[in-house]
Amino acid sequence: MQAFAALLDRLVLTPQRNGKLQLIVDYFAATPDPDRGYAVAAITRDLDFPSVKPAMLRSLMEKRMDPELFALSYNYVGDLAETISLAWPGERRANRIPPLSEVVERLKEAKRAEAPQLVASYLDALEPPSRWALLKLVTGGLRIGVSSRLAKSALARFGDKDVTEIEELWHGLEPPYEQLFSWLEGRADKPINQMAAPFRPAMLAHPLGDKDLEDIAPETHAAEWKWDGVRVQAVAEGDARRLYSRTGDDIGAAFPDIIDALDFRAAIDGELMIFDPEAERYHPLSFGDLQQRLNRKTVSKKRLASHPAFIRAYDLLHVDGDDLRALPFEDRRQKLEKFISSRQPDRFDLSPLVRFANVDDLAQARAAPPHHAVEGLMIKRLAAPYVPGRPKGEWWKWKRDPFLIDCVMMYAQRGHGRRSSFYSDFTFGVWRGDDIVPVGKAYFGFTDDELKQLDRFVRNNTTDRFGPVRQVAFGADEGLVLEIAFEGLNRSSRHKSGVAMRFPRINRIRWDKPAAEADRLESLEAMLPS
Amino acid sequence: MRYDDLLRPTPKGVYCPPGDFYIDPVGAVSRAVITHGHADHARAGHGAVIATPETIAIMEARYGDDFTTTKTPRAYGEPIDVNGVNVSLAPAGHVLGSAQAVIEKNGVRIVCSGDYKRRRDPTCAPFEVVPCDVFITEATFALPIFNHPDTGEEIRKLLASVEQFPERTHVIGAYALGKAQRIIMHLREEGYDAPIFLHGAMQKLCDLYMKFGVDLGPLEPATIENNGAKRDFGGKIVIAPPAAIQDRWARRFADPLPVFASGWMRIRQRVRQRGVELPLIVSDHADWDELTQTIKEIAPKELWITHGRDDALMRWAELNGVMARPLHLVGYEDENE
């Protein structure tokens, strides 16, 4: 339990991806089965402890400690699990320290009535960091900045494998993943995924370079729109129906409307989007609408009706028991068209091809897409098989030019790691009436030299400090204009300005431009999807 | 004699009317007893200063030789009569030279402990329990959530990280008086004998500790080459004042890993706010158990509480039948903040 807690403590505070990977890989190397497997499941949040609830923890604490002292402590710390982990007046060192696997296995099986006693005995046996890990784990609040994708990457690095191999296996495996670790350590063969409806690692595209354009022709390539949703894989085989993210996470629970529609035997690669229930099928809504459905464990009936989901199909990987992935794109596409037109599956339609005679046609199509939910073009070699990962020379994405807007720097915050001495995270705003209102935050897009200049600007123009945040001078007569590039815009009730940008970054620093000439909120609102 | 007649809180600090002196006054006074050298307790400009030889040396190093008109060094346990009041100093275990002021007259004894801790510190004498009528305690970490872990374990956490990330420079933020030297000594105790690199602000006090017999081992300045080129500090341990570890000064290191040694590192939100990647929970103040154990051991007739979280300690006193009052002194800082 201690090693697991120490790992979490470091992961929470380590901003760099590589640093996190190293911490996890070192932990795998130093920790025996089954503890390390349970640690993976804890990080990927694949563990559930139905018998433990936060209210129970509070009452446990009140039995042990003066409520007034506890209230003073809780007010000071502000987090229940952390307060209990620190203030728990344990009969310390009275017990042996339980391994993570024991904690997980016993608490998973515990009945409602026996859980409090069990948790109390573990709190007695553990020190504060391990208590914190325990409480966060069992209450489902373990947020440590590690995605399940990163955990899989760490497994891949530990075993010197490709991450797509882990993704492919993942959903056939159960914690504590002992078979998987045996294979990663070269002590056993690769586990065979016997699960029905497995994930098949996705094929990805490279950004299109100027050079690549020369080789593209209608005889050898096809083009289609790149839709602005979430890339998914819908798989139905036997009795199993699953919806996977492009990294193999099972997101089916949030999309019962899609799962219900999988009344076929196939694996379809496509773009998950929300359609307008009032309009003709399937008219896609914005990415912001899709966000109403993402990252949820369940979804309400109301939301299902107001934000129905569908999949715009790009590719057919498997159908009626036949694996199509080795076939050229051209052939798979034909089969996909036939599949969609003959079966007309509910909640699916076909991603249309973009006809072109030459590259200029493509450039024109890209400049004037027919729909706001298009974020660019996909160009695919007709002969390309479906290969996991990002093979060279097969698929390209040619994104639409970003939106640009001139904003004024308002606040700055220091970065992390190498950037910890630099003000590198900037909040910027646009004019609304005579005020500047914040519209977003950006922390990349500039060179190291530009970062030094921005940092100097912040230090020389600070007007106020709020903890780690500095406010800089801005107004009609002073302030720094930043040209911000972003990929899209959504309405947002969480932002003061009412809009939220996607992937904002600093495109140019406009040292030359007076703040009074920065853009106004109205010009930003004009970019909102209708 | 009423306790208040011997010692009482005033806006300038705790004052002794019959002896006409203050303890750790926050402004200039004619006569002061100084418990230890931290800047919020030891200020320049008093007429006369009574303190341990170490504390006087620390004040000289910080403020210059003329920081006061008259210096009266007194070793631990060596009493002095001040206008009929008996004053002596007992070790407080806080930093080098730190003392509790023991004030006696007409059979009444008040101990003003200044800042203190109970756990072992290889750089200073351990806290001494002095029975008394009134015990004046600090309350910096007076909440049940503060239970400082074993210092050796924290240091081993640091050494494990140095081994795990050998290309990065571990830059430790530590207060220049006391914390820095303590971290160095604990590193030595764990077998770390490589040179430790110092921010310029650390040098003088480290030299002073060495002069008083605290062997800190090989120390080097964390300077860049004369031509301004970056030196490779990968895998090295650097100690700097807390404010420097994330400021421009730290840019001389290619890939600094910010470490902070403080009792506040117990609170995750504080760690995140400061952008610390490796918190070391090492404090020169007593934690909750040390505070309450000390009060139980001394069993004073009255407990007076100075700066910090006095409401929690007041509640504890109430629950444990200890007569207590908060002094509401102002001008003393929380550790390293």
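What distance separates the centres of domain 2 of chain A and domain 3 of chain A, taken over C-alpha atoms? The two centres lie 35 Å apart. The structure is a predicted model, in which local features need pLDDT of at least 70 and side-chain atom pairs count only at pLDDT 80 or more, while totals for chains, interfaces and linings use all residues. Residues are numbered from 1 along each chain as its sequence is written, chains are lettered from A and ligands numbered from 1 in the order in which they are written, and side-chain values use heavy atoms, with hydrogens and water left out.

Chain A is divided into domain 1 (2-138), domain 2 (206-399) and domain 3 (403-525). These bounds come from an automatic or database domain assignment. Chain A holds 20 helices and 19 strands; helices (H or I, at least four residues) and strands (E, at least two) are DSSP runs, numbered from the N terminus. Its radius of gyration is 26 Å, close to the 24 Å that the globule rule gives for 530 residues, so chain A is as compact as a globular protein of that length. That radius is taken over C-alpha atoms, and the globule rule is 2.2 Å times the number of residues to the power 0.38. Along the principal axes, the C-alpha atoms of chain A fill a box of roughly 80 × 70 × 45 Å.

Chain B is divided into domain 1 (3-145 + 285-326) and domain 2 (151-280). Their contact takes 21 residues from domain 1 of chain B and 19 residues from domain 2 of chain B, where contact means heavy atoms within 4.5 Å. The centres of these two domains, over C-alpha atoms, are separated by 30 Å. Between them the domains bury about 1,700 Å², with 70% of it on carbon and sulfur atoms. Buried area is the accessible area (1.4 Å probe) that two parts lose on being put together, summed over both.

Two salt bridges are found across this domain interface. A salt bridge is a side-chain nitrogen of Lys or Arg within 4 Å of a carboxyl oxygen of Asp or Glu. B:Glu189 pairs in a salt bridge with B:Arg120, with the closest N and O atoms 2.6 Å apart.

The two chains also meet. In this interface, 37 residues of chain B are in contact with 37 residues of chain A. The buried area is about 3,200 Å², and carbon and sulfur atoms give 52% of it. Five salt bridges cross between chain B and chain A. B:Arg251 forms a salt bridge with A:Asp455, with 2.8 Å between the closest N and O atoms. Several elements of chain B each supply at least two residues of the side that touches chain A, among them helix 3 (151-164), strand 16 (256-261) and helix 7 (288-298). Helix 6 of chain B gives the largest share of that side, five residues. By class, the side of chain B that touches chain A has 17 nonpolar, six polar and 14 charged residues. Here Ala, Val, Leu, Ile, Met, Phe, Trp, Tyr, Cys and Pro count as nonpolar, Asp, Glu, Lys and Arg as charged, and the others, Gly among them, as polar.

Over all chains, a search of the whole structure finds 58 salt bridges. A:Glu68 forms a salt bridge with B:Arg315, the closest N and O atoms lying 3.4 Å apart. A:Glu68 lies in helix 5 (residues 67-77) of chain A and B:Arg315 in helix 8 of chain B, so this pair joins two chains.
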